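Dear colleague,

Please find the structure below, together with its sequence. My notes on selected residues and helix pairs follow it.

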Amino acid sequence: MIKLYGFPISNYYNMVKLAMLEKGLAFEEENQMPSQEAAFKSMSPMGKVPCIETPEGFLSETSAILEYLDELKSTPALLPAHDFARAKVREIVRVIELYVELPARRHYPHLFFGAPRNEAAVEEAKPVLERGIAALKQLCHFRPFVGGEAFGMADIYAYYTFGLANAATKGIYNWDIIQAIPGLGATMAVIGSRASTKKCDAAREAAMAAFVASKK
């Protein structure tokens, strides 16, 4: 049985959890925060979560984990069957991660954890986000899913990236980046209505409530 290490507040943790639920894979959850301790780095070399433990060993980095899961159990597929279509989904995923997730994440310490406002991030992140949003408007289909007719990896990345990133852009720039991409809002609602997504989101909300209560 696969073991999933991480914590339910993490968007990347939820990407992996959602994929396993969608595929009906048996797994156990192990609560684990990022750590530079040697014991954890023997499992996840960068000390990041999520990572998974498989019968063959440990695996980290979300994209690598998702592709492993897709090869481990081919149905339902997270990537299209056709070579070029698979590559286009990977292209969308990379744009989401590099040009939405990473620049928006620079604001998370201020917005979610009370750190001082990062004025350099305010100036530097927005042009990157603007290019990323423009690229996604060109690349995505929303028929009804991000990559076309079937739910898959691009939807997992979009759902668990834009939920947090949009909170950041609205809080910092008064800019709703979900509304900036025609069709994305409706697709986010469709993804959020899936039983697997509801299960992940319920666990995330409970973990967030516990986290907030612990800080009072």
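Throughout these notes, contact means heavy atoms within 4.5 Å. By that criterion, and not counting residues up to four places away in sequence, Thr197 touches Leu18, Tyr159, Tyr160, Ile191 and Gly192.

This is a predicted model, in which local features need pLDDT of at least 70 and side-chain atom pairs count only at pLDDT 80 or more, while totals for chains, interfaces and linings use all residues. Residues are numbered from 1 along each chain as its sequence is written, and side-chain values use heavy atoms, with hydrogens and water left out.

Thr197 lies in helix 9 (residues 195-214); helices are DSSP runs of H or I with at least four residues, numbered from the N terminus. The relative accessible area of Thr197 is 0%, so this residue is buried (under 20% relative accessible area, with a 1.4 Å probe and protein chains only).

Helix 9 packs against helix 1 (residues 11-23), the two axes coming within 9 Å and crossing at roughly 145°. Axes here are lines fitted to C-alpha atoms over the stretch in contact, and angles run from 0 to 180 degrees between N-to-C directions. Helix 1 passes helix 9 in a right-handed crossing (the near helix is turned clockwise from the far one by less than a right angle; anticlockwise is left-handed). Helix 1 contributes Asn14, Lys17, Leu18, Leu21 and Glu22 to the contact, and helix 9 contributes Ser196, Thr197, Lys199, Cys200, Ala203 and Arg204. By class, these are 4 nonpolar, 3 polar and 4 charged residues (Ala, Val, Leu, Ile, Met, Phe, Trp, Tyr, Cys and Pro count as nonpolar, Asp, Glu, Lys and Arg as charged, and the others, Gly among them, as polar).

**Helices 6 and 7**

The axes of helix 6 (residues 119-139) and helix 7 (residues 153-173) come within 12 Å and cross at roughly 130°. Helix 6 passes helix 7 in a left-handed crossing. Ala121, Val122, Ala125, Lys126, Leu129, Ile133 and Leu136 of helix 6 meet Phe162, Thr169, Ile172 and Tyr173 of helix 7. The residues of this contact comprise 9 nonpolar, 1 polar and 1 charged.

**Asp70**

Asp70 belongs to helix 3 (residues 62-72) and is buried, with a relative accessible area of 12%. Its side chain forms a polar contact of 2.8 Å with that of Lys23 (a pair of N or O atoms within 3.5 Å, one able to donate a hydrogen and the other to accept it).

Yours sincerely

Technical notes. Helix = DSSP H or I, 4+ residues; strand = E, 2+ residues; numbered from the N terminus. Buried < 20%, exposed > 50% of the residue type's maximum accessible area, 1.4 Å probe, protein only.
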